[in-house]
Amino acid sequence: MAKGQYQLNLIFDCYKILLKTSLKIFLLLCFFALGTNLFAQDKKRADSVRALLKTPGITEKKKAWALAQLGWDVSYSDLEEGLKYAEEAIAIAKKNSYGLELAHAYNVAGTIYMDLGNYPVAMDYLLRASQNYAAINDKKGQAIASGNLGIVYTRRGEFRKALHAYYID
């Protein structure tokens with residue numbers, strides 16, 4: 001190999017290493033920047049929902065929805081606190097027979113239980129969410145809850161059940 005070709009290959013190899021390293025650093029910085037921004041947005045939304053909950057005369061229906069949403073937002077930083085809000089939303093929605101709010105709260109609580117690693121309870125709540133969404137003919141909600149159930153089955157290694165959950169009618 002000629003000296004010039006060797007130098008060119010060396011330069012090209014160094015450039016590839018630099019590019020890979022720079023790309024990794026760039027992706028790492030993007031990940032931290034986006035992650036921080038997303039967490040800030042969740043905190044901001046959680047603060048807005050807390051303010052809504054303090055609104056005088058808020059209806060029980062809005063309160064149930066807001067508590068479930070607050071549970072979801074808070075769960076990114078504190079699963080136990082998020083679960084507390086979701087369970088409170090379930091209690092209000094059950095007491096008042098609010099179908100959509102109950103389904104939403106079950107889905108939030110089920111997802112939090114999944115993140116906590118309590119798969120049996122997560123499956124119970126996600127099945128309830130899916131059934132409640134089906135009862136009010138909310139196909140999108142049912143698909144979301146069933147998809148979350150599929151994630152639980154996948155984490156448990158029950159792939160056939162996961163596929164069934166993903167493709168539920």
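E81 is partly exposed, with 25% relative accessible area. In this predicted model, the side chain of E81 forms a salt bridge with that of R50, at 3.4 Å from N to O. The two residues belong to distant parts of the chain: E81 sits in helix α3 and R50 in helix α1, 31 residues apart. R50 has a relative accessible area of 28%, so R50 is partly exposed. Salt bridges with shared partners bring D47, R50 and E81 together in one network.

## Overall make-up

The protein is built from seven helices and has zero strands. Along the sequence the pattern reads α-α-α-α-α-α-α. The protein has 169 residues, and 35% of them are buried.

## Confidence

The mean pLDDT of the protein is 83, and 74% of the residues reach at least 70. Among the elements, α4 has the highest mean, at 98, while α1 has the lowest, at 58.

Residues 26–30 have pLDDT under 50 throughout. For this stretch the model shows zero contacts beyond four places in sequence.

## The nonpolar core

The largest nonpolar core holds 39 residues, and the members that touch the most others are L53, L70 and I90. At least two residues of this core come from each of α1 (3–53), α2 (60–75), α3 (79–96), α4 (99–116), α5 (119–135), α6 (139–156) and α7 (159–166). The largest share, nine residues, is supplied by α4.

What does L70 touch, leaving aside residues up to four places away in sequence? The partners of L70 are A46, V49, R50, L53 and Y85. One of them, R50, also forms the salt bridge with E81. Another, L53, is named with L70 among the core members that touch the most others.

## Helix α2

Helix α2 has 16 residues and spans 22 Å from its first C-alpha to its last, close to the 22 Å expected at 1.5 Å a residue. Its buried residues are A64, A66, L67, A68, Q69, L70, G71, D73, V74 and S75.

Because R45 lies in helix α1 and D73 in helix α2, the pair ties together parts that are 28 residues apart in sequence. Are the two residues buried or exposed, in whole or in part? D73 has 3% relative accessibility, so D73 counts as buried. R45, at 38%, counts as partly exposed.

## Other charged residues

The count of salt bridges comes to seven. Another of them joins K161 and E158, whose closest N and O atoms are 3.2 Å apart. K161 counts as partly exposed because its relative accessibility is 45%.

K140 is located in helix α6. Why does K140 count as exposed? Its relative accessibility is 64%, and the cut-off for exposed is over 50%. The C-alpha atoms of K140 and S130 are 10.0 Å apart, and the two residues are separated by ten residues along the chain.

Technical notes: Residues are numbered from 1 along each chain as its sequence is written. This is a predicted model: local features need pLDDT of at least 70, side-chain atom pairs count only at pLDDT 80 or more; totals for chains, interfaces and linings use all residues. Side-chain values use heavy atoms; hydrogens and water are left out. A nonpolar core is a set of buried Ala, Val, Leu, Ile, Met, Phe, Trp, Tyr and Cys residues joined through side-chain atoms within 4.5 Å. Buried means under 20% relative accessible area, exposed over 50%, partly exposed in between (1.4 Å probe, protein chains only). Helices (H or I, at least four residues) and strands (E, at least two) are DSSP runs, numbered from the N terminus. Contact means heavy atoms within 4.5 Å. pLDDT is the predictor's confidence in each residue, from 0 to 100. The expected span of a helix is 1.5 Å times one less than its number of residues. A salt bridge is a side-chain nitrogen of Lys or Arg within 4 Å of a carboxyl oxygen of Asp or Glu.
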